[in-house]
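Take a walk through this chain with the model open beside the text.

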Amino acid sequence: MRTTDIQRCEIRPGRLVEWTLHRTAVEAALSLPDDARPPAYVQESHVRTARSVREGGLFVPTWLGTAFDIPGEADLGVLQAALRAWTLRHETLRSGFRWAGDEMRRFTLDADAVVLHREDVGRFTDAETLTRYLQDRFDAAADALSWPNFIFAAVVRDDGTSVYMAFDHSNVDAYSIQRIPAEIHELYAAGLEGRAVTAAPAASYVDFCATERTDADSIDDTHAIVARWREFIARCDGTLPNFPVDLGLTPGGPLPTQKLLREMLVDDADAAAFEAYCRPYGGSLVGVLAAVGLIVREISGVQVYRTVVPFHTRVRSRLSDSVGWYVGGAPIEVPVGRAQGFDGALEMVRAALRESRPLARMPIARVLGLLGSDFRPTSPDLYSIVSFVDARGIPGSERWQDLKAYGLIRVSYGDQVCAWTTRLHEGLQFAARYPDTDIAYKNMSLCVERLREFIVSVARSAARQDVHVP
């Protein structure tokens, strides 16, 4: 599933239909008692940051979503039943937050109360107008500070139907998004055929939040993980790291708008050869980070590449089907100034990840609170990331191209670089959102071009050395 924004996901005109939570369900939620299960630290940090930025006068949409096709003109009744059945599987979608003073408290709607309301918006004949409408609609309906904060839509045409689903980030991560097309297709096909889907119940992200928070609250500021973060932040001059190239930002200036950069870096053959070369060191994640470290050394003269690497926190197999924000961060420091070529950088990254990965299981928001530092939430992103995901094992991934399946990110405002590299069946994709300045565009474009050259060079070298590619 290629990562993109809504402007680049092949939107075609047609009749637009939307599904939102019915007002009776929303009204029922108003009188619900508190759910004793607290928000995850990542959820609370996300919502508090959104509130702080909003109070500063800026609306920063941060929703994630997916787009995919259903062949033929859809049976909307069957599709609605499929969407409702999928929603019921994932408790986080019927769970929200409200404020009691400055405390966030959870409430959770009973499954029996979940009813979807369908609205026929009308026919759009122009793709650009439809795209603009969908973005504005998703901004309002999948807002971090409102509930419900998700919306489903379909654009119906004689030759096919495109489904769009958007969620506030507090409910989903990239892995959650990637699983959706196959799950909706299966539920929809079962509905057309009049058969039941016998999937095991999905684990509750709300339950996970409570367990993770209990574990996080058991540590104090003397814990070894807190000490490691304290040392890392001190070496980052008291902050969390941004991407180490000049982004053309004015210190203390307003939060800049962002742009999306997305490229297919290499095809399947080169991606496989690169993976094979890097496998003895830990695989493509290690390879990408090592390459980026050497590239920023070349561009900026960086001697130590510091970043936070995202890792999933689905530590038990039963969580694999669960929708939620299962992501933690591990700080790494790679002394690229001392690296002897790519192999040396690979060794350094492998060692850094081996040492730091366990830190990802402790929510960074908890650690920052214990550090007592003033990490004032003025930006939607605490730090820059460079992530890697191998999506080839996701159910249905082999059909993503045929189904025009995309993972959608909302590109709006931010002063950080967030980059995602994704291994697809057809190759390796790079996508990033970055501050919209001429200098940032120049440097990010250079980084991507150098990354492509690096991967191709390593892959072709591996081929010449007859590195085994399965």
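What follows is a guided reading of a predicted model.

Now look across to Arg 132. In sequence, Ile 6 and Arg 132 are 126 residues apart. In space, their C-alpha atoms are 8.8 Å apart.

Ser 204 counts as buried because its relative accessibility is 13%, and the cut-off for buried is under 20%.

Next, the backbone. Where is the cis peptide bond between Trp 147 and Pro 148 placed? Pro 148 lies in the loop that runs from helix H4 (127-141) to strand E7 (150-157). The omega angle of the bond joining Trp 147 and Pro 148 is about 0°.

Two residues other than glycine have a positive phi and deserve a look. Asp 237 has a phi of about 60°. Asp 237 is found in the loop between helix H7 (224-235) and strand E9 (258-267). With 75% relative accessibility, Asp 237 counts as exposed. Lys 404 has a phi near 50°. Lys 404 is partly exposed, because its relative accessible area is 26%.

Now turn to charges. Side chains of opposite charge can pair when their charged atoms come close. How many salt bridges does the model contain? The count comes to 38.

Take Asp 34 and Arg 98 as one case. Their side chains form a salt bridge, with 3.1 Å from N to O. This pair links distant parts of the chain. Asp 34 is in the loop between helix H1 (23-30) and helix H2 (41-55). Arg 98 is in strand E4 (residues 95-100), and the two are 64 residues apart. Asp 34 has 40% relative accessibility and is therefore partly exposed. Arg 98 is partly exposed too, at 23%.

Helix H2 also carries Arg 48. This arginine makes a salt bridge with Asp 102, and the closest N and O atoms are 3.2 Å apart. Arg 48 lies in H2 and Asp 102 in the loop between E4 and strand E5 (103-108), so the bridge ties together parts that are 54 residues apart in sequence. Arg 48 is partly exposed, with 24% relative accessibility. Asp 102 is also partly exposed, with a relative accessible area of 48%.

Another bridge brings Arg 195 and Glu 186 together. Their closest N and O atoms are 3.1 Å apart. Arg 195 is partly exposed at 37%, and Glu 186 is partly exposed at 36%. Shared partners also build a network elsewhere: salt bridges join Glu 44, Arg 48, Arg 51, Asp 102 and Arg 213. The bridge between Arg 48 and Asp 102 was described above.

Some charges form a patch instead. Which residues make up the positive surface patch? They are Arg 316, Arg 318, Arg 357 and Arg 361. Arg 318 lies in the loop between strand E10 (305-312) and strand E11 (327-334). Its relative accessibility is 53%, so Arg 318 counts as exposed, the cut-off being over 50%.

Finish with the cysteines. A disulfide is a covalent bond between the sulfur atoms of two cysteines. The count of disulfides here is zero. Cys 447 shows the spacing: the nearest cysteine sulfur belongs to Cys 418 and is 14 Å away. The cut-off for a disulfide is 2.5 Å between sulfur atoms. Is Cys 447 buried or exposed? Cys 447 is buried, because its relative accessible area is 7%. Cys 209 is buried as well, with 0% relative accessibility.

Notes. Residues are numbered from 1 along each chain as its sequence is written. This is a predicted model: local features need pLDDT of at least 70, side-chain atom pairs count only at pLDDT 80 or more; totals for chains, interfaces and linings use all residues. Side-chain values use heavy atoms; hydrogens and water are left out. Patches are made of residues with over 30% relative accessible area and no salt bridge: like charges are joined within 9 Å, nonpolar side chains (Val, Leu, Ile, Met, Phe, Trp, Tyr) within 5 Å. Accessible areas come from the Shrake-Rupley method with a 1.4 Å probe; for residues, only the protein chains shown count as cover. A salt bridge is a side-chain nitrogen of Lys or Arg within 4 Å of a carboxyl oxygen of Asp or Glu. Lys and Arg count as positive and Asp and Glu as negative; His and the chain ends are not counted. The place of a charge is taken as NZ of Lys, CZ of Arg, CG of Asp or CD of Glu. Helices (H or I, at least four residues) and strands (E, at least two) are DSSP runs, numbered from the N terminus. Buried means under 20% relative accessible area, exposed over 50%, partly exposed in between (1.4 Å probe, protein chains only).
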